Amino acid sequence: MHELSIIQSILEATTNAVQQNGKPGTVETIEIEIGELAGIEWSTLEFLWPAAVGDTLLADATLQVRWVPGKAVCSDCSSSFDVRRLYDPCPGCGSHLLQITQGEELRIKSLTLVDKPTVAKAPLRWN
Amino acid sequence: MCATCGCSGNEHKLTAFLAMKKPEALTGLTVATLPPGARPGVQSFAPDTPVKTVIELERDILEKNNRMAERNRGFFEARNILAINLVSSPGSGKTALLERTLADLGARRQFFVVEGDQQTARDAERIAAGGAPVVQINTGKGCHLEAHMVHQAIRQLQPTTDSIVFIENVGNLVCPSMFDLGEGRRVIVISVTEGEDKPVKYPDMFRSAQLCVINKVDLLPYLKFDVQALKEYARQVNPQINFIEVSATSGQGMETWYAWLGL
């Protein structure tokens, strides 16, 4: 359930960025980057997201996720290869002494704010 | 020129009214252009062409935690404090290992303890009974400690120069692995009553630790636990990890653990 902490960190960083931006507007899109080796369970994050952002500035935002595949360099034979699990050995020499070069990302890439008109609520009359 | 009202840009003012219809019809909002003040109930509002602003943040999601962790680390380094983040699944014997360590070494070195649990101060009470200063953090619904919690705890504890600070994390092999607390070393405790394949089931945690303490080895004669298999699994995830086999109950292997602590 560390995904809840991750969402809260995203919210905090987003709130600060929007405040610093100084313009009113709602967040239309938030783009994040998650490495496949970063330890994030997508189904958990997806499940928690609506409740966690419920009455915040991200309530109506579309969450766009860019998944970054895992890559490593073998410290023994220097070959580069794709890593799906942390215990995968080097396909060249079988070594487990790997340096992960990609796939541990956890980044907020960008926010798209939209200066949508908020329609003032007129007194409604029903026919 | 603006196709809607003929103005030169986005500064046009439209007037609109909400059609007096039943609520279901309001989902597709009806907007019409009307001369200002033409009808009662008419309101004016700013541009209906949304102005989009893209903020390129490029920020690490855990940046705040990592920054706080570095502050903790700087504090520990400046006072020559060895700070150890103890992680494990629940029931592996972290608190028992600490109790034994403090009882055996309390006279030789000053220890401070930060206890993390979802609920209760039971662990802190156990540690306090041995005389070491301790702060209990209850994470409530949280499943791990974060750097700011440890920051608050060490402000209360005020650990002294050359001391050892044990941070006993919440018993959980998943979540605590992602959160740097500012520790100098991360130690994972596993007991022989667990499965030897835990390192590959929970690789993130084993990958981030420098030492694996294998606890409860006094029970090995009664179990089908393959210590060698555990070590092989752990080295698949982290070839540089070290192992110490102990029993916090019988005291077996504790001297090796104390030597690793530099005592």
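Two strands pair if DSSP finds at least two bridges between them, and strands (E, at least two residues) and helices (H or I, at least four) are DSSP runs numbered from the N terminus. The model is predicted: local features need pLDDT of at least 70, side-chain atom pairs count only at pLDDT 80 or more, and totals for chains, interfaces and linings use all residues. Residues are numbered from 1 along each chain as its sequence is written, chains are lettered from A and ligands numbered from 1 in the order in which they are written, and side-chain values use heavy atoms, without hydrogens and water.

In chain B, 7 strands form an open sheet with parallel pairing, in the order S6-S5-S7-S4-S8-S9-S10. S6 and S10 (242-245) of chain B stand at the edges with a single partner strand each, so one side of each has no neighbour in the sheet. Neighbouring strands of this sheet are turned by 20 degrees against each other on average, direction ignored; the axes are lines fitted to C-alpha atoms, for helices over the stretch in contact, and angles run from 0 to 180 degrees between N-to-C directions.

Strand S5 (residues 111-117) of chain B pairs with S6 (residues 134-138) of chain B over 5 bridges, and Val114(B) stands opposite Val135(B) in S6(B). Together with helix H3 (residues 122-129) of chain B, S5(B) and S6(B) make a right-handed β-α-β unit: with the strands pointing away from the viewer, the path from the first strand over the helix to the second runs clockwise. Strand S4 (residues 82-88) of chain B and strand S8 (residues 185-191) of chain B also pair in the parallel sense, over 5 bridges.
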